[in-house]
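Here is the note you asked for, written as numbered points. Please keep the sequence and the structure open while you read.

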Amino acid sequence: MSIAYYVAILVFCFGILGLILAKTFTGSINRQKKTYIFLLIFASCFFITSDLIWMCINGNVNVPKGINYMLNLFYFIGTLFVSYTFFLYSENVQQSRLFRSKLIFVLTGIPAIILLLLLFTTMQTKWIFYINENNEYVRGKIYIVQILLSFGYPLISSIKALIKSFKKANYFKRIDYISIFKFLICPSLGLLLQYFIPHVPFCSIGISLGILWLYLENEDMIMYVDPLTDIYNKKAFAKRLHHDMLQLDEESRYYLFMLDIDSFKTINDSFGHVEGDLALMVVAKVLKKYCDINNAFVARYGGDEFSILLNCQPHQFIESFCRGLDEVLESINVDYRRPYEISVSYGYAAYAPSIMNIPDFIDKADEHLYINKQAKKNKQ
């Protein structure tokens with residue numbers, strides 16, 4: 001392939017990444033994901049830049065051999081940078097122990113350190129690559145080690161995400177995990193093609209398309225997230241409940257909870273809508289933390305109402321779940337001191353084959369909610 005075509009393809013890749021960067025910067029993707037997508041785009045631009053320079057100087061006898069070596073070195077460092085950055089993104093999405101344990105974080109960095117040592121010594125050893133007498137790049141005896149160590153990071157993390165997607169009860173978490181695995185497809189195909197056809201920038205194309213795919217998957221997920229509370233919204237709740245009800249039978253222990261904040265209108269009227277929004281965010285944060293621990297699904301149904309879906313596991317009982325829910329709701333005013341009291345009421349309904357549709361299920365939970373709210377008012 002001529003240099004002109006090679007450069008044109010890489011410029012197109014820069015254009016894709018630049019567009020994703022601009023859209024991510026102004027988009028609604030959550031802050032943590034946004035940070036790792038920025039890092040991934042930066043790493044990819046570093047890699048594509050080194051790829052561009054490599055094509056321009058490879059085989060050029062006027063370029064000093066040492067500079068040729070350094071530019072090829074940057075290319076491989078760029079490959080590792082992209083792989084490790086995606087690995088961090090993937091582990092963050094999977095809420096891995098990597099970010100909770102310094103030891104695990106250090107251990108996962110060992111393969112990268114080994115590869116860097118091999119790369120920085122390859123000028124003498126010729127193990128990974130070397131520059132021949134014609135000033136051309138040549139693969140070394142253990143070139144395959146560079147591929148295994150670099151691409152091992154995204155490969156292992158993506159396979160782990162795929163396995164987790166089959167175990168996760170949360171329908172939307174499964175989609176998130178599968179999107180991680182999907183990212184791997186384009187760069188893997190690019191790597192395979194470039195291994196056999198080294199003078200076409202398949203790796204750069206694959207990485208750019210992979211990030212585009214990842215961005216589009218994240219954009220699809222945004223429509224299911226409530227922008228104020230950062231938990232799932234009513235649309236996600238309906239989709240998840242519909243998905244679950246298709247799989248339930250008479251032996252299922254499945255529960256739908258409806259919750260709302262008591263006297264929420266009074267909070268808005270007395271302290272303003274900003275405080276009302278803060279109250280919603282506090283309740284959402286507490287519910288999300290509790291539901292994540294108990295493998296339950298929580299969403300903002302609308303206004304000051306929330307919904308929880310609980311598919312009880314063999315070791316779980318609805319009574320213990322409710323006791324824990326009572327405790328975390330009562331702790332809100334201790335942990336989050338506001339100039340008013342936040343009180344939340346809830347009601348729930350158990351699935352039965354006689355429940356024919358989603359509105360019937362919600363009505364049954366609402367009936368229990370209203371009974372509890374009235375009982376609470378009678379005590380005051």
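Is C186 buried or exposed, judged by relative accessibility? The answer is given in point 2, once the basis of the model has been stated.

1. Basis of the model. This is a predicted model, in which local features need pLDDT of at least 70 and side-chain atom pairs count only at pLDDT 80 or more, whereas totals for chains, interfaces and linings use all residues. Residues are numbered from 1 along each chain as its sequence is written, and side-chain values use heavy atoms, with hydrogens and water left out.

2. Cysteines. C186 counts as buried, at 17% relative accessibility; here buried means under 20% relative accessible area, exposed means over 50%, and partly exposed lies in between, with a 1.4 Å probe and protein chains only. C45, by comparison, is partly exposed, with a relative accessible area of 23%. A search of the whole structure finds zero disulfides, a disulfide being a pair of cysteine sulfur atoms within 2.5 Å. C186 is in no disulfide, and the nearest cysteine sulfur, that of C13, is 11 Å away. For C45 the closest cysteine sulfur is also in C13, at 9.9 Å, which is too far for a bond.

3. The largest pocket. About 1,600 Å³ of space lies in the largest pocket. The closest to its centre, of the 42 residues that line this pocket, are N30, Q32, Q95, D230 and K288. On a 1 Å grid over the protein atoms alone, a pocket is an open set of points where a 1.4 Å probe fits, with protein on both sides within 12 Å along at least five of seven lines, and lining residues have an atom within 4 Å of a point. Grid points are joined across faces, edges and corners, and the volume is the space filled by probe spheres set on the points.

4. The lining of that pocket. By class, the lining has 20 nonpolar, 10 polar and 12 charged residues; Ala, Val, Leu, Ile, Met, Phe, Trp, Tyr, Cys and Pro count as nonpolar, Asp, Glu, Lys and Arg as charged, and the others, Gly among them, as polar. The elements that each supply at least two lining residues include α2 (31–57), α7 (171–196) and β4 (297–302), while α11 gives the most, with nine residues. Helices (H or I, at least four residues) and strands (E, at least two) are DSSP runs, numbered from the N terminus.

5. Nonpolar cores. The largest nonpolar core has 52 residues, and those with the most contacts inside it are Y89, L119, F129 and I211. The largest share of this core, 13 residues, comes from α3. A nonpolar core is a set of buried Ala, Val, Leu, Ile, Met, Phe, Trp, Tyr and Cys residues joined through side-chain atoms within 4.5 Å. Leaving aside neighbours within four places in sequence, L119 is in contact (heavy atoms within 4.5 Å) with Y69, L73, F76, I77, I128 and F129. A second, separate core of 32 residues includes Y255, A284, L310 and I332.

6. Loop residues. Most residues other than glycine have a negative phi. N135, although not a glycine, has a positive phi of about 65 degrees; N135 lies in the loop between β1 and β2 (137–139) and is buried, with a relative accessible area of 6%. S263 is likewise not a glycine and has a positive phi of about 55 degrees, but S263 counts as exposed, at 51% relative accessibility.
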